[in-house]
Amino acid sequence: MDRQQDIAIRMQKAVQAGAIPGLVLALGDRHGSSWDAGFGSRALGSAELMQPDAVFWIASMTKAITGAAAMMLVEAGKLSLDAPANTLVPGIGALGVLEGFDEAGQPRLRPAKRPITLRHLLTHTSGYAYDMWSAEIARFRKATGTPAVGTCRNAALALPLLFDPGEDWTYGIGIDWAGKMIEAATGETLGAHMARVIFEPLGMVDTSFKLRADQRARLAAMHGRGADGALSVIPFEVPQEPEFETGGGGLYGTARDYLAFARMILNGGKHGKIRLLKAETVAEMARDQIAPLAVRPMISAVPTATRDADFFPGMANGWGLTFLVNRRPSPQGRSAGSLAWAGLGNTFYWIDPGRGTAGIFLSQILPFFDPEAISLFREFESMVNEV
């Protein structure tokens, strides 16, 4: 029995046991070999089986695509990694650094010591944070009436920094601002630009910010896991007429599409005969940019959105230009220096240059870092690597 059959049997057992309603896996290497499969159903209790072409909200898996689009513009001389970003988009960093709150509960702000750069935005060292992992930003939003980022309203990005740019790491909205830089540099909407320079060349026919009718017909439902562990279908949709298309988390797509993108990165910027990025650009994206800083466990401030998230407990990890970079080999057999990240609806991927593999795991469950989903993702990778 081959490895793919073993993986399929394990995932089918998980679905039958009720651990997860449905998922799609995809696996590929740098030579063109690929495999994908769906398990379970697109919605709990539905007769619609999960097929490999099912459409998912891939959430923060969008970030790597935004990063690639930005780096293509860096290569073209239309963006700079290290120039002040606010010369192109004046709103970036405009509120300065949050120092606390006064007796009336209003935020105390000061100017930042230095301007934010595109490199800061892509590495999460800008000072921008998400409220779901920052009680301070959640309090700021409440005090000022600032809308949530998920509303896709421009006002949602008017947040302060938690620290001066370059001085710490925290996961946040920086790549949404990078998307704004792409739009300013090109005069196109983010989705139109991505479609032209990434999706069409890679054949990513089902990846977009706005759902077509045929995508909606294959859409995997979002599920919520209650405190008792029970799953139920919950309403969810990214705004389809947004004020801004969120480069940090707005895309819908399929496992097949994302595998094409991952394999392009795995092949140093090439996809077949097409080169999207120079090999040295991909190497820079994959380089740990933040040492001696390290990625910290992400402690939840909004339990309905996310659980505490620690991808490699006990390991210090770095960050590249939109990728988590594990500094040591992982317990699942991932090579040191590999690339990975995830999406809020419990979607995950890895790109392992050492082994020459890329894997995609798509489910639709909230809160993030669902114990059943993360366990199955880790088991999937361990089985691929025969750990």
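Mentor: The second largest cavity has a volume of about 30 Å³. Keep in mind throughout that this is a predicted model.

Trainee: Which residues line the second largest cavity?

Mentor: Its lining consists of Pro21, Gly22, Arg42, Met50, Phe56, Ala220, Ala221, His223, Ser363 and Gln364. Sorted by class, these are five nonpolar, four polar and one charged residues.

Trainee: How many cavities of 30 Å³ or more does a search of the whole structure find?

Mentor: The search finds two. The largest cavity has a volume of about 40 Å³, and the residues lining it are Phe311, Phe312, Gln332, Arg334, Ile374, Phe377, Arg378 and Glu381. By class, the lining of the largest cavity divides into four nonpolar, one polar and three charged residues.

Trainee: What volume does the largest pocket have?

Mentor: A cavity is a space that the probe cannot leave, whereas a pocket is open. The largest pocket holds about 630 Å³. Its lining has 35 residues, and those nearest the centre are Trp57, Met132, Val149, Gly150 and Leu344.

Trainee: Which element gives the largest share of that lining, and how does the lining divide by class?

Mentor: Strand E13 (residues 339-343) gives the largest share, three residues. By class there are 24 nonpolar, seven polar and four charged residues in the lining of the pocket.

Trainee: Next, helices. What does the length of helix H10 tell me?

Mentor: Compare the expected span with the distance between the end C-alpha atoms. H10 covers residues 371-385, and its 15 residues at 1.5 Å a residue should span 21 Å; the ends are 21 Å apart, so the two values agree.

Trainee: Which residues of H10 are buried?

Mentor: An α-helix has 3.6 residues a turn, so residues three or four places apart point the same way. Look for that spacing in the list. In H10 the buried residues are Ala373, Ile374, Leu376, Phe377, Phe380, Glu381, Ser382, Val384 and Asn385. They pack against helix H1 (3-16) and the strands E1 (22-29), E2 (34-40), E14 (347-352) and E15 (357-362).

Trainee: What is found at the start of H10, and what follows H10?

Mentor: At the start, a side-chain oxygen of Asp370 comes within 3.2 Å of the backbone nitrogen of Glu372. After the helix comes Glu386, with a positive phi near 55°.

Trainee: Which residues have a positive phi although they are not glycine?

Mentor: Thr322 is one of them, with phi at about 95°, and Asn346 is another, at about 65°. Thr322 sits in the loop between E11 and strand E12 (324-326), and Asn346 in the loop between E13 and E14.

Trainee: Are Thr322 and Asn346 buried or exposed?

Mentor: Thr322 has a relative accessibility of 1% and therefore counts as buried. Asn346 is buried too, at 0%.

Trainee: What does the side chain of Ser300 reach?

Mentor: Ser300 is in the loop between H9 and E11. Its side chain reaches the backbone oxygen of Thr306 at 2.7 Å, and a polar atom of that side chain lies 3.2 Å from the backbone nitrogen of Val302. Beyond its neighbours within four places in sequence, Ser300 is in contact with Met132, Trp133, Thr306, Arg307 and Asp308. Of these, Met132 is also among the residues nearest the centre of the largest pocket.

Methods. Residues numbered from 1 in each chain as written. Predicted model: local features only at pLDDT ≥ 70, side-chain atom pairs only at ≥ 80, totals over all residues. Heavy atoms only, no water. 1 Å grid on protein atoms, 1.4 Å probe; cavity = no way out; pocket = protein on both sides within 12 Å on 5 of 7 lines; lining within 4 Å. Points joined across faces, edges and corners; volume = space filled by probe spheres on them. Nonpolar A, V, L, I, M, F, W, Y, C, P; charged D, E, K, R; others polar. Helix = DSSP H or I, 4+ residues; strand = E, 2+ residues; numbered from the N terminus. Expected span 1.5 Å × (residues − 1). Buried < 20%, exposed > 50% of the residue type's maximum accessible area, 1.4 Å probe, protein only. Contact = heavy atoms within 4.5 Å. Polar contact = N/O pair within 3.5 Å; in protein donor to acceptor, adjacent residues only side chain to side chain.
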